[in-house]
Amino acid sequence: MRLLVVEDDRDINRQVVAALEEAGYVADKAYDGEEGGYLGESEPYDAIILDMGLPKADGVSVLQKWRRAGVKTPVIILTARDRWSDKVDGFDAGADDYVTKPFHMEELMARVRALLRRAAGHASSQITCGPVTLDTRSGKVFVDGAQVKLTSHEYRLLSYLMHHTGRVVSRAELTEHLYDQDFDRDSNTIEVFVGRLRKKLAVDLIQTVRGLGYLVDPNQPAARV
């Protein structure tokens, strides 16, 4: 999962990005409404954390512009403003959630997990396909109840596929959502990580759809291989 943090306070921005990366996400950052607005409209993020009091363009204006442009990315408003009218303005502009400063990082991370689950149509913090369970809260993966240790890249790949069960995900889409904007992206590396995942999981979970990408089908039992 790839997220964008738009926050002009560099300390808060750094702390939020670090927490996201520690939780297994990829995070890009922007420090003003102009740069954040451009990135949010041009890059395929899974969620955005947006401050309201930004220089160059305020958060509500940026969010309204995204929604007018058809950007449907889920957005969490992050702000020091706690008046109910400010919250109403944020929600009416198209925000999906609202966190008031000062905040506990654990709460923000929980809201991010919940937002991503809802956007993908999942109700629980645990996503299960056959014998494989992905625990988004702990960042752990289990097969038949036994934990399988994955690298951060392997976990991000499996998490994205399991959040989007039932549809084919192309290598290009995976590349866009698994690496930040400064990473030298190569879609061929996706094949390597898929191969490693298949060996570690030892179940037939990730299907290759020739010429299109990869599919995790929640309705097809994943047999051991």
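Predicted model: local features only at pLDDT ≥ 70, side-chain atom pairs only at ≥ 80, totals over all residues.
Which elements are included in what covers the buried residues of α2? The cover includes the strands β1 (2–6), β2 (26–30) and β3 (47–51), together with the helix α3.

## The chain as a whole

Along its principal axes, the C-alpha trace spans about 55 × 30 × 30 Å.

Buried residues account for 48% of the 225 residues in the chain, while the accessible surface comes to about 11100 Å², with 47% of that surface belonging to carbon and sulfur atoms. Among the contacts with a separation of 6 or more, 55% are made by residues 24 or more positions apart. The chain carries 30 positive and 35 negative side chains, and the centres of these two sets lie 5 Å apart.

Helix α2 comprises residues 33–42, and its buried residues are Gly-33, Gly-36, Gly-37, Leu-39 and Gly-40. An α-helix has 3.6 residues a turn, so residues three or four places apart point the same way. The N-terminal end of α2 is capped by Asp-32, a side-chain oxygen of which lies 3.0 Å from the backbone nitrogen of Glu-34.

The C-alpha atoms of Ala-69 and Glu-41 are 7.7 Å apart in space, although the two residues are 28 residues apart in sequence. Ala-69 counts as partly exposed because its relative accessibility is 45%.

When neighbours within four places in sequence are left aside, Gly-90 is in contact with Leu-63 and Ala-95. Gly-90 and Gly-59 lie 31 residues apart in sequence, and the distance between them in space is 8.4 Å, C-alpha to C-alpha.

Glu-154 belongs to helix α6, residues 152–163, and with a relative accessibility of 2% this glutamate also counts as buried. The side chain of Glu-154 is joined to that of Lys-200 by a polar contact of 2.8 Å. Apart from residues up to four places away in sequence, Glu-154 touches Phe-193, Arg-196, Leu-197 and Lys-200.

## A threonine in strand β7

Thr-133 has its place in strand β7, which covers residues 132–135. The relative accessibility of Thr-133 is 16%, and because buried means under 20%, Thr-133 counts as buried.

A polar contact of 3.1 Å joins the side chains of Thr-133 and Thr-128. If residues up to four places away in sequence are not counted, Thr-133 touches Gln-126, Ile-127 and Thr-128, and also Lys-140, Val-141 and Phe-142.

## Backbone features in the loops

Where does the chain hold a cis peptide bond? Such a bond joins Lys-101 and Pro-102, with omega at about -10 degrees, and Pro-102 lies in the loop between β5 (97–100) and α5 (105–120).

Positive phi values also occur in residues that are not glycine, including Lys-56, whose phi is about 75 degrees. Lys-56 lies in the loop between β3 and α3, and this lysine counts as exposed because its relative accessibility is 66%. Ala-202 likewise has a positive phi, near 60 degrees, in a residue other than glycine. Ala-202 is found in the loop between α8 (188–201) and β10 (207–209), and at 22% relative accessibility this alanine counts as partly exposed.

How values were computed. Residues numbered from 1 in each chain as written. Heavy atoms only, no water. Buried < 20%, exposed > 50% of the residue type's maximum accessible area, 1.4 Å probe, protein only. Contact = heavy atoms within 4.5 Å. Areas by Shrake-Rupley, 256 points an atom, 1.4 Å probe, with all protein chains shown as cover. Lys, Arg positive; Asp, Glu negative; His and termini not counted. Charge placed at Lys NZ, Arg CZ, Asp CG, Glu CD. Helix = DSSP H or I, 4+ residues; strand = E, 2+ residues; numbered from the N terminus. Polar contact = N/O pair within 3.5 Å; in protein donor to acceptor, adjacent residues only side chain to side chain.
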